[in-house]
Amino acid sequence: MPDYTLPEKQTVALLTLSAQRDFTLPGSPVRAAGLARAIPAMKRLVDGFRQQGAPIYHSVRLYRPDGTNVDVCRRQAVEEGLRILMPGSFGSELIDEVKPKAGIRLDPDLLFAGKFQSIGEKEAIFYRPRWGAFHDTGLEAELKARGVTTLVICGFSFATGTRATIYEASARDFRLVLVPDAVCNSTEEGVRELGRMGVYLLNAENCLTWLTSEERSGEAA
């Protein structure tokens, strides 16, 4: 019987979630845990995918100052003055470690319009209005247009964006790889739970070894 969850490296894309400065700044109310491990691992992943010419997508959150597009759990705080992930702010930008070159800035108007902002060969940024990267975004159509069957996922906020995105992707029959050392705020039990639902778990080194190996398509470490 075929293994419908087995990653396929010929049709793989990397997805980073909320790799934005507000999640890294000292004193930020949304500062992530485990940054010292996760950021170098994320950098290795994006560098490796670029070298292989594989697609990379960066999913970002942006909060309008009036709170109109903010999740209900944070909307009141934003309405009352919480300033995180504000369009055009320093904190909303991608961290330098995942950018293909310095000086790249988000284009909020383009992103709010539901467009993909190209920042390199087969590399783009898109805005997601809620935790999951498929919710009210063009990601599914974009991936299917490229023939992507497998997603490698990394980024910040395991308990929210990462898990929500994995559930959404699984419901759409994508094959999934989670890179635990390139994810913040994760727990061992949470990671194991995803493994039990068919998500492959590879650290950054093993993921890149799989991506660059000469094994036939479909084999994973």
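Helix H1 (residues 35-52) and helix H7 (residues 204-212) have axes that come within 10 Å and cross at roughly 5 degrees. H1 and H7 are therefore roughly parallel to each other. Helices (H or I, at least four residues) and strands (E, at least two) are DSSP runs, numbered from the N terminus. Axes are lines fitted to C-alpha atoms, for helices over the stretch in contact, and angles run from 0 to 180 degrees between N-to-C directions. Roughly parallel means under 35 degrees; over 145 is roughly antiparallel, 65 to 115 roughly perpendicular, and the rest oblique.

This is a predicted model: local features need pLDDT of at least 70, side-chain atom pairs count only at pLDDT 80 or more, and totals for chains, interfaces and linings use all residues. Residues are numbered from 1 along each chain as its sequence is written, and side-chain values use heavy atoms, with hydrogens and water left out.

A second pair is H5 (residues 158-171) with H6 (residues 188-196). Their axes come within 12 Å and cross at roughly 0 degrees. That makes H5 roughly parallel to H6. The table shows which residues meet (contact means heavy atoms within 4.5 Å).

| H1 and H7 | H1: Ala41, Arg44, Leu45, Gly48, Phe49, Gln52 | H7: Ala204, Cys207, Leu208, Leu211, Thr212 |

By class, the H1 contact with H7 has seven nonpolar, three polar and one charged residue. The H5 contact with H6 has five nonpolar, one polar and two charged. Here Ala, Val, Leu, Ile, Met, Phe, Trp, Tyr, Cys and Pro count as nonpolar, Asp, Glu, Lys and Arg as charged, and the others, Gly among them, as polar.

Now the salt bridges. There are 16, each a side-chain nitrogen of Lys or Arg within 4 Å of a carboxyl oxygen of Asp or Glu. One joins glutamate 8 to arginine 175, with the closest N and O atoms 3.6 Å apart. Glutamate 8 lies in the segment before strand S1 (12-17) and arginine 175 in strand S6 (residues 175-183), so the pair ties together parts that are 167 residues apart in sequence.

Last, a pocket. On a 1 Å grid over the protein atoms alone, a pocket is an open set of points with protein on both sides within 12 Å along at least five of seven lines; lining residues have an atom within 4 Å of a point. The largest pocket is lined by 13 residues, of which Lys9, Gln10, Val12, Ala54 and Pro55 lie nearest its centre. Its lining divides into five nonpolar, five polar and three charged residues.

Terms used: On a 1 Å grid over the protein atoms alone, a cavity is a set of points where a 1.4 Å probe fits but cannot get out, and a pocket is an open set with protein on both sides within 12 Å along at least five of seven lines; lining residues have an atom within 4 Å of a point.
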